[in-house]
Amino acid sequence: RLQHGDVDTAVVYAFGLSTAGDPAAIAVQGLDPYVVAPLAPPPSALAGLQARAAIEEGLLSEDAALPVMDPPPGDGSAAVVLSTRGGGPLLGSIAHVADAHELGARDLARPPMPDVSTDGLDRLELHLLYRHEEAILRSALQLPDGVVAGFEPVATTMVDGLLSFVRAAEGIASGRSRAVLAHAQSGPCLQHNLLARVEAP
């Protein structure tokens, strides 16, 4: 709508009630309903499959410590104001890519990434569910080691992805960064990935 020009200001918000149900049981509902969902694998089991694929691809060492980030679920919300009037960090570009639904049809260690420029980045704000995902994302984005990756453990489903954008904008507004790549994900094993380039005005 902002690009079309019929509005010049919008509020993007997210909210989540992770305490309203069992997050692991809810996550099963997003799996292939014929083959995978009836097995009801917990998210940590699918993450283990992905970590094993990353080890086989050489993205992780065989003895890599892969702690599960499992903070207690919480309820929360976040909001971002977007405006074409300027005055804040610039949203240079934004794009989203979805991988195949079936786990067997995907390369779990090399998810497709949206076409967003990574030139000149000094920070990457990640939406991680598990620690091994950082290595997979850095490889998929072909980021140099010098780009600092920031993340916070997932706590509120449906909110933490937008918080990556909040942290990116805060870094630009404070002067700590000049160009930040914000990342958000959904679905099992990095199925959906959204990237946005946030830059200093």
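**Close-up views of a predicted model**

**View 1. Leu137 and its contacts.** Leaving aside the neighbours within four places in sequence, Leu137 is in contact with Met113, Leu126, Leu128, His183, Leu190 and Asn193. Keep in mind, here and in every view below, that this is a predicted model. Leu137 also belongs to the largest nonpolar core, which has 19 residues. Which residues touch the most other members of this core? They are Leu121, Leu124, Leu126, Leu137, Leu141, Leu181 and Leu195. Helix 2 (43-56), helix 3 (132-141) and strand 6 are the elements that give two or more residues to the core. The largest share, three residues, comes from helix 3. Another core, of 14 residues, lies apart from this one, and among its members are Ala14, Val159, Ala182 and Ala200.

**View 2. Strand 6 and its two partners.** Let us follow strand 6, residues 179-186, a mostly covered strand with seven of its eight residues buried. Strand 4 (residues 123-125) pairs with strand 6 in the parallel sense over three bridges. Within that pairing, Leu124 has Leu181 of strand 6 as its bridge partner. Strand 7 (residues 192-199) runs antiparallel to strand 6, and eight bridges join the two. Look for Val180, which stands opposite Val198 in strand 7.

View 3. Strand 6 and strand 7 form a hairpin with five residues between them. Gly187 sits in the turn and has a positive phi of about 80°. Most residues other than glycine have a negative phi. Leu190 is not a glycine, and yet its phi is positive, about 60°. You will find Leu190 in the loop between strand 6 and strand 7. Is Leu190 buried or exposed? Leu190 counts as buried because its relative accessibility is 0%, and buried means under 20%.

**View 4. Helix 2, from end to end.** How far apart are the end C-alpha atoms of helix 2? They are 20 Å apart, which agrees with the 20 Å that its 14 residues should span at 1.5 Å a residue. The buried residues of helix 2 are Leu46, Ala47, Gln50, Ala51, Ala53, Ala54 and Ile55. An α-helix has 3.6 residues a turn, so residues three or four places apart point the same way. The buried residues of helix 2 pack against helix 3. After helix 2 comes Gly58, with a positive phi near 80°.

View 5. Ala40 lies in the loop between helix 1 (23-28) and helix 2. Its phi is near 50°, a positive value in a residue other than glycine. Ala40 counts as partly exposed because its relative accessibility is 45%, which falls between the 20% limit for buried and the 50% limit for exposed.

**View 6. A stacked pair of rings.** A search of the whole structure finds one aromatic pair. The rings of Tyr13 and Phe15 have their centres 6.3 Å apart and their planes at 10°. Why is the pair stacked? Planes under 30 degrees apart count as stacked, so the angle of 10° makes this a stacked pair. Tyr13 is exposed, with a relative accessible area of 60%, and Phe15 is exposed as well, at 53%.

Note on methods
Residues are numbered from 1 along each chain as its sequence is written. This is a predicted model: local features need pLDDT of at least 70, side-chain atom pairs count only at pLDDT 80 or more; totals for chains, interfaces and linings use all residues. Side-chain values use heavy atoms; hydrogens and water are left out. Rings of Phe, Tyr and Trp (its six-membered ring) pair if their centres lie within 6.5 Å; planes under 30 degrees apart count as stacked, over 60 as edge-to-face and the rest as tilted. Buried means under 20% relative accessible area, exposed over 50%, partly exposed in between (1.4 Å probe, protein chains only). Helices (H or I, at least four residues) and strands (E, at least two) are DSSP runs, numbered from the N terminus. Two strands pair if DSSP finds at least two bridges between them. A nonpolar core is a set of buried Ala, Val, Leu, Ile, Met, Phe, Trp, Tyr and Cys residues joined through side-chain atoms within 4.5 Å. Contact means heavy atoms within 4.5 Å. The expected span of a helix is 1.5 Å times one less than its number of residues.
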